[in-house]
Amino acid sequence: MKNIQCKVFGHDYKVSRHVTYHVKEYTCSNCKKELTTNSKGNLTELTPKFKEINDVLERIHAKRRMRLKNFNKKQSENLLATA
Ligand SMILES: [Zn+2]
């Protein structure tokens, strides 16, 4: 039984997904148990509900990063328009 090792030594969690800067998903390399960071910054079991939340967070995060990239360009365009 693989889980015996986890019971004795504890889980061996590895980051399996970077959702945002603060939220990550972890998977135990032995028993495949999954954890995630919740909104309070604590680790909690990765339930289907949390998976859904993380999917949304990931999408928002990706969008925000893209917007930041365009922000400087847009700002200079606006400055030029008002000058
Ligand atoms: Zn484990």
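**Ground rules.** I number residues from 1 along each chain, as its sequence is written. Because the model is predicted, I take local features at pLDDT of at least 70 and side-chain atom pairs only at pLDDT 80 or more, while totals for chains, interfaces and linings use all residues.

**Elements.** I looked up the secondary structure and found two helices and four strands in the protein chain. I take both from DSSP runs, helices being H or I with at least four residues and strands being E with at least two, numbered from the N terminus. From the N terminus on, the order is α-β-β-β-β-α.

**Overall form.** I then checked how spread out the chain is: its radius of gyration is 19 Å, well over the 12 Å from the globule rule for 83 residues, so the chain is more spread out than a compact globule. The radius is taken over C-alpha atoms, and the rule is 2.2 Å times the number of residues to the power 0.38. Along the principal axes, the C-alpha trace spans about 70 × 20 × 20 Å.

I call a residue buried if 20 or more other C-beta atoms lie within 10 Å of its own, exposed if 12 or fewer do, and partly exposed in between, with C-beta atoms placed from the backbone. Of the contacts with a separation of 6 or more, 24% are between residues 24 or more positions apart. A contact here means that two C-beta atoms, placed from the backbone, lie within 7 Å.

**Sheet.** I noted an open sheet of four strands, in the order E1-E2-E3-E4, with antiparallel pairing. Strands count as paired if DSSP finds at least two bridges between them. Strand E1 (13-18) and strand E4 (43-45) stand at the edges with a single partner strand each, so one side of each has no neighbour in the sheet. Neighbouring strands are turned by 35° against each other on average, direction ignored.

**Strand pairs.** I went through the pairs in order.
- E1 and E2 run antiparallel and are joined by five bridges; a hairpin connects them through five residues. Arg 17 stands opposite Glu 25 in E2.
- E2 (residues 24-28) and E3 (residues 34-37) run antiparallel with three bridges. Glu 25 has Thr 36 in E3 as a bridge partner, and Thr 27 has Glu 34. Their hairpin has five residues between the strands, and Lys 32 takes a positive phi near 65° there.
- E3 and E4 run antiparallel with three bridges, and Thr 36 stands opposite Thr 44 in E4. Five residues separate the strands of this hairpin, and Gly 41 in the turn has a positive phi of about 85°.

I picked out Val 56, which lies in helix H2 (residues 48-82). Val 56 is exposed, because it has 10 other C-beta atoms within 10 Å. Val 56 and Val 19 are 37 residues apart in sequence, and their C-alpha atoms are 9.3 Å apart. Leu 80 also lies in helix H2 and counts as exposed, with 8 C-beta neighbours inside 10 Å. Leu 80 and Asp 12 are 68 residues apart in sequence and 54 Å apart in space, C-alpha to C-alpha.

How values were computed: Axes fitted to C-alpha atoms, helices over the stretch in contact; angles between N-to-C directions.
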